[in-house]
Amino acid sequence: MTPTSPRAAEPAGAVVDPPAAPSSRLLTWPVISWGLWDWGSAAFNAVITTFVFTVYLTSSSFGDPAENEAALSLGLTIAGAFIALLAPVTGQRSDRAGRTVFWLGAYTAVVVAVSAALFLVLPEPGYLWLGITLLGVGNVFFELASVNYNGILSHLAPKDRVGAVSGLGWGMGYIGGIVLLLILYVGFISPEVGWFGVTSENGLNVRVCMLIAAAWFGLSAVPVLITQSGAGARRRRMALAEAERRGTERAATGMESEPGRSTEPVRVRREPLWVSYKRLWHTLVGLYRTHPEVLWFLLAAAVFRDGLAGVFTYGGIIAQNTFGFSSGDVIIFAIVANVVAGIATILSGRLDDLFGPRKVILGALGLLVLAGLGVFLLHDGGSTVFWVLGLVLSGCVGPAQSAARSFLARLIPEGREGEIFGLYATTGRAVSFMAPAMYGAFIAIGHRVVGGSAAYWGVLGIVVVLAIGLLLMLRVSDPKGHITSLGDEQL
């Protein structure tokens, strides 16, 4: 912001439009390198936490499957608590130190190392908690890395192109996950003797998949770290030059410095963790006083993102138990659904830029609610019904997730991305119990109403969570510009 900017005349706390930036090509190398992190991160999301390692870890090889699932749930709950506590303050501290890219690299490296260490988890009961512990640690550091990764988004494109960039990255994540799953399925999981002579003895096929997933993520993360390290250094040089120029102008005109604002470059000293929590509290109070709509968005996003997670978590279960899909049918559907989700998310980025992220979120949630009700009402319609409605559900999840990310990226001022995206991660974790609880509650209600098998009633629980998120989102307006003040603490 230059001294002659009209923003200088705005009252504190106002939300203003920045000067329009010229539109540019979407597929620049910085954007592609950033999206490659999403592409690679699917190795952790799809292979490790969803389709391969967690299935392996809860199998009978590690003891009673029900007890294994309970233990895994406990481990991931503890990991979720650590994420909720650490995400905002670690993001804030990387912001203040100007080391977003460094910490993105450090946290990603931990996730890659943990993923590779899963090779050590043998299919024996004594290794269950080693696997759960490693998985929990990986989840914590993956979320902390995601906070810094999301914080880079606003530096990649002008505000009118952020939606397309976010959609491209999220779509690359979906497609990257499917590509890697197909490679692993064909090469190691499906055949009795896979590539390089790997068999299922001692779980070797699954354990080798963990090494490949680690390498996939690590190699995919390198481009953004190299590209953004150079870009971050340039931004810091420009900021220092701007601060020096302002000080020179003030000295030449005889102007005094603004109260409380130094013309010298800021040197951030290391501070105790409790001070970071104190700063976080001031941020929350400031948002409540000056920009309550941001808090409403964080609440709405936390609710509907849990519903979105429920769509993919329970989609395969509903397909199998209600619509008669075989295990092979479920895998085929999962592949097609993720491809549809990836393509829809990339295409929806343009709608995000044209109409605003709020409209994309509301449209996607509305379609999700209608399709979910359709699954419930037509539960005895056979596999064709689920193929149609299931793909509609899959095609709406990614656009809502991507638009939620671009909503915040349009709003957060430079230098506070990590803290606000950390809050985004924390609020999501705070309500992550809703979809599982509502799913189970509606199955219990269904048993009372219709008796016998009522598993299809669970979809109504997911619909309710999505509908609550939709209603909360109705009171949130599209971002009109960057937050400029948090009251007592300047943003």
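**Questions about a predicted chain**

Visitor: Which residues does asparagine 68 touch, not counting those up to four places away in sequence?
Guide: This is a predicted model, and contact in it means heavy atoms within 4.5 Å. Neighbours up to four places away in sequence are left out. The residues that asparagine 68 then touches are Leu57, Thr58, Ser59, Phe62, Gly63 and Leu128.

Visitor: Is asparagine 68 buried or exposed?
Guide: Asparagine 68 has its place in helix α3, residues 65-97. Buried means under 20% relative accessible area. Asparagine 68 has 2% relative accessibility, so it counts as buried.

Visitor: How many helices and strands does the protein chain have?
Guide: The chain has 491 residues, and 50% of them count as buried. Its elements are 15 helices and two strands.

Visitor: What share of the contacts between residues at least 6 apart joins residues at least 24 apart?
Guide: Take the contacts in the protein chain between residues at least 6 apart in sequence. Those joining residues at least 24 apart make up 82%.

Visitor: What share of the accessible surface belongs to carbon and sulfur atoms?
Guide: The accessible surface of the protein chain comes to about 22400 Å². The share from carbon and sulfur atoms is 66%.

Visitor: How far apart are the end C-alpha atoms of helix α6?
Guide: Helix α6 covers residues 162-189, which is 28 residues. At 1.5 Å a residue, helix α6 should span 40 Å. The model agrees with that, because the end C-alpha atoms are apart by 38 Å.

Visitor: How many residues of α6 are buried?
Guide: Helix α6 is mostly covered. Glycine 171 has its place in this helix, and at 0% relative accessibility it counts as buried. Of the 28 residues of α6, the number buried is 20.

Visitor: What separates the C-alpha atoms of glycine 171 and valine 339?
Guide: Along the chain, glycine 171 and valine 339 are 168 residues apart. Glycine 171 also touches Gly342, Thr345 and Ile346, leaving out residues up to four places away in sequence. The C-alpha atoms of glycine 171 and valine 339 are separated by 8.6 Å.

Visitor: Which residues does serine 402 touch, not counting those up to four places away in sequence?
Guide: Serine 402 is placed in helix α12, residues 383-411. At 2% relative accessibility, serine 402 counts as buried. Beyond four places in sequence, serine 402 touches Gly163, Ser166, Gly167, Trp170 and Thr345.

Visitor: Why is the pair of phenylalanine 53 and tyrosine 56 called tilted?
Guide: The structure holds 20 aromatic pairs. In this one, the ring centres of phenylalanine 53 and tyrosine 56 are 5.8 Å apart. Planes under 30 degrees apart count as stacked, over 60 as edge-to-face and the rest as tilted. The planes of phenylalanine 53 and tyrosine 56 stand at 50°, so the pair is tilted.

Visitor: Where does tyrosine 456 lie?
Guide: Tyrosine 456 forms a tilted aromatic pair with phenylalanine 376, 5.5 Å centre to centre and 35° between the planes. This pair links distant parts of the chain, 80 residues apart. Phenylalanine 376 is in helix α11, residues 357-377, while tyrosine 456 is in the loop between α14 and α15.

Visitor: Which residues form one aromatic cluster?
Guide: Rings of Phe, Tyr and Trp pair if their centres lie within 6.5 Å. One cluster consists of Trp34, Trp37, Phe44, Phe142, Tyr149 and Phe217.

Visitor: How far from the ring centre of tryptophan 296 is the charged end of arginine 475?
Guide: Elsewhere, arginine 207 lies over the face of phenylalanine 119, at 4.4 Å from the ring centre. The charged end of arginine 475 sits over the ring of tryptophan 296, and its distance from the centre is 3.8 Å.

Visitor: How many residues of α15 are buried?
Guide: Helix α15 has 17 residues. Among its buried residues are Gly458, Val459 and Met473.

Visitor: What pLDDT does the protein chain average?
Guide: Of the residues, 74% score at least 70. Over residues 238-243 the pLDDT stays under 50, and over residues 249-268 it is below 50. Where pLDDT is low, the predicted coordinates should not be read in detail. The chain average is 77.

Methods
Residues numbered from 1 in each chain as written. Predicted model: local features only at pLDDT ≥ 70, side-chain atom pairs only at ≥ 80, totals over all residues. Heavy atoms only, no water. Helix = DSSP H or I, 4+ residues; strand = E, 2+ residues; numbered from the N terminus. Expected span 1.5 Å × (residues − 1). Buried < 20%, exposed > 50% of the residue type's maximum accessible area, 1.4 Å probe, protein only. Areas by Shrake-Rupley, 256 points an atom, 1.4 Å probe, with all protein chains shown as cover. Phe/Tyr/Trp six-rings, centres within 6.5 Å; stacked < 30°, edge-to-face > 60°. Lys NZ or Arg CZ within 6 Å of the ring centre and 35° of its normal. pLDDT = per-residue confidence, 0-100.
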